[in-house]
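The following note is intended for a colleague meeting this structure for the first time. Its points may be read beside the sequence and the model.

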Amino acid sequence: MPRIQLRITGDRDVFDDVVNAIHGLDRIEYVEEIDDFASDIRDDSSSLDLSDDVGSRTYTVEIEVPNDKVGERVREVAEETAGTREAAIEFVYPDENEI
């Protein structure tokens, strides 16, 4: 079964809205928040005198769908929901996670 991973950069309530919208779709096998190891990395070059807790946070979710057609619907709903809340969304493909 196809799996989709996506990252949302924004407030926690935006992430929750996207996840709830995905849960509302038919034929979703599961939706699970996963740890995003990249979210702990700090880029000192652009934030030297800033606190680490300023700004948005990145959340990652994995969704399992029965087929590509349902997967496309998940992408559409996630983009639409994140877009209405002005949050950034990124789809992560399996080969991008391999080292």
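**Core and sheet**

1. The largest nonpolar core holds 22 residues, and those with the most contacts inside it are Leu6, Ile8, Ile22, Ile28, Ile63 and Val74. Such a core is a set of buried Ala, Val, Leu, Ile, Met, Phe, Trp, Tyr and Cys residues joined through side-chain atoms within 4.5 Å; buried means under 20% relative accessible area (1.4 Å probe, protein chains only). At least two residues of this core come from each of β1, α1, β3 and α2.

2. This is a predicted model, in which local features need pLDDT of at least 70 and side-chain atom pairs count only at pLDDT 80 or more, while totals for chains, interfaces and linings use all residues. Residues are numbered from 1 along each chain as its sequence is written, and side-chain values use heavy atoms, with hydrogens and water left out.

3. Ile28 touches Ile22, Ile63, Glu64, Val65, Val70 and Val74, residues up to four places away in sequence not being counted; contact means heavy atoms within 4.5 Å.

4. Four strands form an open sheet in the order β2-β3-β1-β4, with antiparallel pairing. Because β2 (30–34) and β4 (88–92) stand at the edges with a single partner strand each, one side of each is left without a neighbour in the sheet. Strands are DSSP runs (E, at least two residues), as are helices (H or I, at least four), numbered from the N terminus; two strands pair if DSSP finds at least two bridges between them.

5. β2 pairs with β3 (residues 57–64) in the antiparallel sense over five bridges. Glu32 has Glu62 as its bridge partner in β3.

Key
Buried < 20%, exposed > 50% of the residue type's maximum accessible area, 1.4 Å probe, protein only.
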